[in-house]
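User: I am new to this structure and would like to learn how to read it. Please take me through it feature by feature.

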Amino acid sequence: MIIQCPHCQTRFRLDARHLADRLAIRVRCARCHQIFTVTAPSSEEAPLKLEPAQEVRDAQVISFSNQKGGVAKTTSCLCMAVALARRGRRVLLVDFDTQANLTTLLGQRKVRSFYDLLSAEEPIRAGIVPVQDHLALLGANSRMNLLPKRYLNTQNYEQLLHKALGTVKADYDYIFIDTPPSLKFFALNGLVAADLVLIPTQCAFLSLQGVSQMEQVIQSLRKRLGRPAQHRLLITLYDAQSTASQAVYRTLRERWSEQILEPAIPLDNAVSEAQILQRFLFDYAPTGKAARAYLAAAEALESLL
Ligand SMILES: Nc1ncnc2c1ncn2[C@@H]1O[C@H](COP(=O)(O)OP(=O)(O)OP(=O)(O)O)[C@@H](O)[C@H]1O
Ligand SMILES: [Mg+2]
């Protein structure tokens, strides 16, 4: 059962067996240390064994964003989500791109998009479909193109996704948003919804300028709305054989030493092969260099948040 500290509002998971045959017990909040009383739920559940109370926290929201195209935003979003789901974390993928690449990669054709749900005045929960254990998707379709047309002139349009995700945050450990290569409506919504923005960055000269532009937008949103709290760079499509790639990698590491989420994701044909075959990279080439790097990056992300 979920209980909430009445003092600091932190929620915890409490095994109902702690109550055993008692009507109420007193517990101490692990966060604010205040003591409060928990009463037994009215329905008789069948408890089996005691578990320590654990803090239940809302999902951490990560937006995969870069106004540059083809830098592996969608690939990274999917691979890292699958990596975390296979580690038992509950992950929601949100395809917030009219290209619907993420939805296509998952073989989902007839999804209801954010636009469909919003215009039908339905909660986004109604459009979430299961993908595999611990992994679910809020997909996209071409009707997403209507979203800016309808909402761009409304107040706080860049907070639409943030508000909607608030209704499902308690159901997941992580929410990963895939965004299009732009800094407009969809990308802005991703940035504002995010606790952390992950910027997939290719080791190419012009990427340096791209990251600086991304940072400017992030800083101005942070100043205005207090979000997103953090951002990190994920080096993608890294070609260890290329001198140019190595040089840009060195520059990125010097300039953004604190911001880089290690390791870099290497170029690996297995990534595109898996996508063509519509298989998860971790099933198609689990010991390949990209799969290993994505797994390590997902673990690094997990320990960061
Ligand atoms: N590590 C990798 N090795 C080889 N190919 C890769 C790797 N990562 C991604 N790719 C390929 O690069 C291409 C672009 O990837 P992806 O679609 O994820 O980029 P994107 O940033 O989401 O693109 P867009 O800006 O259009 O949304 C795809 O064809 C994908 O298969
Ligand atoms: Mg993409």
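**Reading burial, helices and backbone angles**

Analyst: H134 counts as buried because 20 C-beta neighbours lie inside 10 Å. A residue is buried if 20 or more other C-beta atoms lie within 10 Å of its own, exposed if 12 or fewer, and partly exposed in between, with C-beta atoms placed from the backbone. This is a predicted model, in which local features need pLDDT of at least 70 and side-chain atom pairs count only at pLDDT 80 or more, while totals for chains, interfaces and linings use all residues. Residues are numbered from 1 along each chain as its sequence is written, and chains are lettered from A and ligands numbered from 1 in the order in which they are written.

User: Where is H134, and what is its phi?

Analyst: Most residues other than glycine have a negative phi, and most peptide bonds are trans. H134 has a positive phi of about 70° although it is not a glycine. H134 sits in the loop between strand 8 (128-132) and strand 9 (135-138). Helices (H or I, at least four residues) and strands (E, at least two) are DSSP runs, numbered from the N terminus.

User: Is Q278, with its positive phi, buried or exposed?

Analyst: Q278 counts as exposed because it has 11 C-beta neighbours inside 10 Å. Its phi is near 50°, and Q278 is a residue other than glycine. Q278 is found in the loop between helix 9 and helix 10 (281-284).

User: Which peptide bonds are cis?

Analyst: One of them runs from R227 to P228, with omega near -5°. P228 is in the loop between helix 7 and strand 12. Another cis peptide bond joins E262 and P263, where omega is about -5°. P263 is in the loop between helix 8 and helix 9.

User: How do I read the length of a helix, and what does helix 7 reach?

Analyst: The expected span of a helix is 1.5 Å times one less than its number of residues. Helix 7 (residues 205-225) has 21 residues and reaches 31 Å from its first C-alpha to its last, close to the 30 Å expected. G226 follows helix 7 and has a positive phi, near 75°.

User: Which residues of helix 7 are buried, and where do they lie around the axis?

Analyst: The buried residues of helix 7 are S207, V211 and M214. Seen down the axis, they fall within an arc of 65°, so they line one face of the helix. The arc is that of the directions from the helix axis to the C-beta atoms. On the other side of helix 7 the exposed residues are F205, L206, Q209, S212, Q216, Q219, S220, K223 and R224.

User: What covers the buried residues of helix 7?

Analyst: Two residues are in contact if their C-beta atoms, placed from the backbone, lie within 7 Å. The cover includes strand 11 (196-202), strand 12 (230-236) and helix 8 (243-255).

User: How many residues of helix 1 are buried?

Analyst: Helix 1 is mostly covered, with 13 of its 14 residues buried. At 1.5 Å a residue, those 14 residues should span 20 Å, and the end C-alpha atoms are 20 Å apart, which agrees. G88 follows helix 1, and its phi is positive, near 90°.

User: How many residues surround ligand 1, and which are the closest?

Analyst: A residue is near a molecule or strand if its C-beta atom, placed from the backbone, lies within 6 Å of it. For ligand 1 there are 20 surrounding residues, and the closest are G69, K73, T74, T75 and P181. The elements that give two or more residues to this shell are helix 1 (73-86) and helix 9 (269-276). The shell divides into 9 nonpolar, 9 polar and 2 charged residues. Here Ala, Val, Leu, Ile, Met, Phe, Trp, Tyr, Cys and Pro count as nonpolar, Asp, Glu, Lys and Arg as charged, and the others, Gly among them, as polar.

User: What does A291 touch?

Analyst: Not counting residues up to four places away in sequence, A291 touches L281, F282, A285 and P286. A291 is in helix 11 (residues 289-304) and counts as buried, with 24 C-beta neighbours inside 10 Å.

User: How many helices and strands are in the protein?

Analyst: The protein has 11 helices and 12 strands. Buried residues make up 38% of its 305 residues.
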